[in-house]
Structures are given as structure tokens and as C-alpha cells.
Amino acid sequence: MFNRPAQPARTGCYNPALAMNALRPLLLALFALTALLPAAAALGDTAKEKELAEVRQRISSLQKTMTSQLATRDRLSARLRENELLINDLRRNLSRLRDERSQSEKRFDALEQQAGERRAALAGEHEALASQLRTAYVNGRQERLKLLLSPEDPASLGRLMVYYQYFNDNRLSRIESVEEHLRELSVIAEQTRQETDRLQRLENERAAELASLEQARKERAEVVAALNARIASSSQDIERLQAEETALVTLIKELSEALAEFPVASQEPFGQLKGKLAWPVAGAKLAGYGQSRAGPRLKWNGVLIGADSGTPVRAIAHGRVAFSDWLSGLGLIVIVDHGDNYLSLYAHNGTLTREAGDWIDAGDVVATVGDTGGQARAALYFEMRRNKKPMNPGPWFRKRL
């Protein structure tokens with residue numbers, strides 16, 4: 001048989017007071033730690049806000065430098081940048097106006113429904129009150145006096161008086177209800193008027209934005225035509241593409257240096273997502289990674305995906321927006337830092353929906369498909385890079401394009 005382990009000798013009875021005294025230092029420490037938790041969380045939020053501000057400041061400084069260099073080097077490209085950024089702002093304003101108008105129309109419909117309900121209730125109260133007034137008229141004007149002078153016995157008279165009081169109270173209640181419905185209808189009418197004015201203002205703003213957008217599109221077409229006319233030969237086209245590739249490489253290098261102090265951390269390292277990702281848009285592959293682009297010296301560093309203008313462009317994974325602006329040859333571009341030196345790039349967008357420094361998750365909309373950068377048709381240009389070098393994106397995705 002197994003022997004029980006020897007029990008320690010007891011030196012005395014259990015004393016709750018002594019136990020509490022022994023635990024008191026630990027409890028005080030736990031209380032102090034709990035009290036510090038909200039302050040620690042607040043400090044954490046403040047630190048994140050400070051980091052975001054520093055990230056945006058560094059990227060903003062880089063953007064200003066690039067804009068200045070572009071204006072000095074290439075007047076037409078600078079005009080195209082200015083024009084396509086203006087179109088981006090106009091489209092975003094139109095999207096905001098559409099959302100506001102939709103919400104305003106919903107409020108207007110709700111107010112109309114409330115008004116209809118109040119009018120129906122008011123009609124019911126009117127009918128009930130009219131019925132009571134007709135009854136009172138038939139009974140005569142001195143209803144209480146007639147009851148007092150009637151030959152009925154006291155018991156019946158008492159019941160009739162109580163009934164009459166109920167009848168009178170109900171009539172007063174109906175009158176007050178009618179007045180309340182009238183007040184509510186007056187408030188609803190004023191709210192409806194304000195919402196109607198708001199809808200008209202939104203419509204006027206939308207018309208002005210559309211006119212500005214149409215003008216900006218015409219100016220863009222003129223600039224693109226001038227840029228195309230300037231390229232008189234294939235050699236000049238190759239030189240332009242090489243210059244644009246150099247500008248992109250320089251941008252990525254400077255971004256990496258600017259954001260080196262602000263690494264992106266994720267629960268699942270980006271390298272473990274290979275073969276699990278979803279493409280940023282669904283569409284036909286117009287150009288594939290490694291295909292010849294302009295002669296044997298230049299190849300595609302990513303894929304060009306044809307899609308309808310305005311199609312949402314979604315981030316492929318968690319990360320932070322490192323760049324959201326315009327770049328020569330690529331138009332409106334978003335670059336996302338996924339950590340561990342991995343970047344994803346989305347170009348030729350019609351609108352940008354995220355700003356530099358924003359945190360995003362897989363599937364978040366970062367832009368919409370467009371034709372910026374002087375493109376002839378709507379398409380998304382997508383790249384993936386690690387250590388600033390392009391890599392074949394195909395194996396990283398669940399489906400083939």
C-alpha cells in the first residue's frame with residue numbers, strides 16, 4: 001500500500017486576521033497596479049498618436065520634396081499631377097455628397113412617415129372628439145344641471161355623475177391629445193422644411209462639383225495628349241519608363257529610410273501568408289510579371305489588372321499606408337508597408353481613400369480603380385516588393401488571374 005506523505009505539524013489554529021495581514025502587501029500592490037492600468041492605456045494611446053503624427057510628418061516632407069523636384073524637372077507631368085489630384089478630391093467630395101444625400105433622403109422619408117402617422121392619429125382624435133361633442137349637444141348644454149334636477153334616485157344619480165365626470169375627463173384628454181399632435185406636426189413640418197433645404201443645397205453642391213470634375217477631365221485630356229505628343233519615338237518612351245522606374249525605386253528607398261524607426265508588427269508575419277492572399281481587384285490580366293514592357297531591357301515588375309473605373313481596390317493584408325499620393329507614370333498610388341521589409345503597391349487609381357500613416361487590414365478599401373498617370377484605360381497596376389526589390393506576386397495568391 002501507498003504511504004501517505006507526512007503532514008506538517010500544526011503549531012496553532014488558523015487566524016484570519018494574521019492571514020489578512022500577510023496578504024495585505026500583495027493586495028495593495030494589486031490595487032496599485034489596477035489603478036495604473038487606465039493611465040498606462042492613456043499613455044499608450046498618446047504614444048500611438050505621437051507616432052502617427054511623426055510618420056505623417058516624415059512622409060509629408062518627402063512628398064513636398066518630390067513635388068518640388070517634379071515641378072522643376074517636368075512642367076507637363078507637374079500639371080498632370082495637379083490635375084489628377086484635383087480630380088481625386090472632386091470624386092471624394094462627390095462620394096461624400098452622395099452619402100450625405102442618401103442619409104438626408106432617409107431622414108426626409110422618416111419625417112414623412114412620422115407626419116403621416118401623426119395626421120392619422122389626429123384624424124382619429126378629431127373623430128372621437130366630434131362624436132363626444134355631438135353626444136353632448138344632443139344631451140343639452142347643461143348636462144350636469146339636468147342630472148341634478150332629474151327625478152332619479154340618489155344612487156343612480158351618483159353613478160350618472162361619476163359617468164359624466166369620466167366622460168368630461170375623457171373629452172379634455174382628447175382635446176389635449178389633439179393639441180399635442182398639432183404641436184408635433186408643427187415640429188415635423190419645420191424639420192421637413194430644413195431637410196428639404198439641405199437636400200437642395202446638396203444638389204447644388206453636387207452640380208458644382210460635377211461641373212468642376214468635367215472641366216478637370218478636359219484639362220487632363222489635354223495634358224495627356226501633350227505628354228504623348230512629346231514622345232516621338234520608342235527610345236524616348238523607354239527613357240521615360242526608365243525614369244519612372246528610377247523615381248519609384250528612389251521613393252521606396254526614401255520611404256524605407258524614413259519609416260525605419262516605425263516598424264509594422266502583425267500577429268501573423270507577412271511571409272507566412274504566401275499562397276493565402278486575395279487579389280486587390282477581380283479582373284483580366286492585361287500584363288504579367290516579367291513580361292516585356294518596352295523592348296528587351298524593360299519588363300513588368302508587377303501585374304496590370306483590367307477592371308471597371310470606380311471598382312474598390314482592397315489591401316491584401318494588414319499593414320500601414322506608407323504613401324498615398326501621385327507619382328509620375330503611376331498616377332495616384334498607394335504603398336502599404338506590411339512589415340519585415342514587405343511592401344504592396346497599388347497604382348493608376350481613380351481615387352485614394354486612405355492617407356499616409358493609416359493602419360489597414362486585409363480587405364480594407366484603399367483606393368478605386370482609375371486611369372491616372374496618363375493611362376488610356378482603367379486598370380490597376382499592382383506590385384509586391386521585399387527589401388525594395390520587386391517579386392512575382394502570383395505564388396502569393398489563392399487563385400490565378
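**Figure 1. Salt bridges across the predicted model.** The structure holds 19 salt bridges, counted whenever a side-chain nitrogen of Lys or Arg sits within 4 Å of a carboxyl oxygen of Asp or Glu. Side chains of opposite charge can pair when their charged atoms come close. Arg96, Glu100, Arg107, Glu195 and Arg198 join up in a network of such bridges. A word on the ground rules: this is a predicted model, where local features need pLDDT of at least 70, side-chain atom pairs count only at pLDDT 80 or more, and totals for chains, interfaces and linings use all residues. Residues are numbered from 1 along each chain as its sequence is written, and side-chain values use heavy atoms, with hydrogens and water left out.

**Figure 2. Arg101 and Glu105 on helix H2.** These two side chains meet in a salt bridge, with 3.1 Å from N to O. Why is about one helical turn the separation between Arg101 and Glu105? Because they are 4 residues apart in helix H2 (residues 75–139); helices here are DSSP runs of H or I with at least four residues, strands are E runs of at least two, and both are numbered from the N terminus. Arg101 is partly exposed at 27% relative accessible area, and Glu105 is partly exposed at 34%. For the labels, buried means under 20% relative accessible area, exposed means over 50%, and partly exposed is in between (1.4 Å probe, protein chains only).

Figure 3. Lys276 forms a salt bridge with Glu268, and their closest N and O atoms are 3.4 Å apart. Lys276 is partly exposed, with a relative accessible area of 44%, and Glu268 is also in the partly exposed class, at 34%. Now for the other pair: are Arg385 and Glu383 buried or exposed? Arg385 is buried, at 3% relative accessible area, and Glu383 is buried as well, at 1%. Their side chains meet in a salt bridge with an N to O distance of 2.7 Å.

**Figure 4. Strand E8 and its two partners.** Strand E8 (residues 365–369) has 4 of its 5 residues buried, so it is largely enclosed by the rest of the structure. Strand E3 (residues 312–314) pairs with E8 in the antiparallel sense over 3 bridges. Strand E6 (residues 342–352) is also an antiparallel partner of E8, again over 3 bridges. Strands count as paired here if DSSP finds at least two bridges between them.

Figure 5. Zooming in, the residues touched by Ile316 include Phe270, Ala278, His338, Tyr346, Ala362 and Phe397, leaving aside residues up to four places away in sequence. Touching, or contact, means heavy atoms within 4.5 Å.

**Figure 6. Leu330 in the loop between E4 and E5.** Leu330 has its place in the loop between E4 and E5, and it is buried, with a relative accessible area of 10%. Leu330 touches Leu248, Ala347, His348, Thr372, Gly373 and Tyr381, if you skip residues up to four places away in sequence. Leu330 and Glu245 are 85 residues apart in sequence, yet 9.6 Å apart in space, C-alpha to C-alpha.

**Figure 7. Ser324 in strand E4.** Ser324 lies in strand E4 (residues 319–327) and counts as buried, at 14% relative accessibility. A polar atom of the Ser324 side chain lies 2.6 Å from the backbone oxygen of Arg354.

**Figure 8. Stepping back to the whole protein.** There are 5 helices and 10 strands, and buried residues make up 35% of the 401 residues. Among contacts between residues at least 6 apart in sequence, 71% join residues at least 24 apart.

Key: A polar contact is a pair of N or O atoms within 3.5 Å; within protein, one must be able to donate a hydrogen and the other to accept it, and residues adjacent in sequence count only if both atoms are side-chain atoms.
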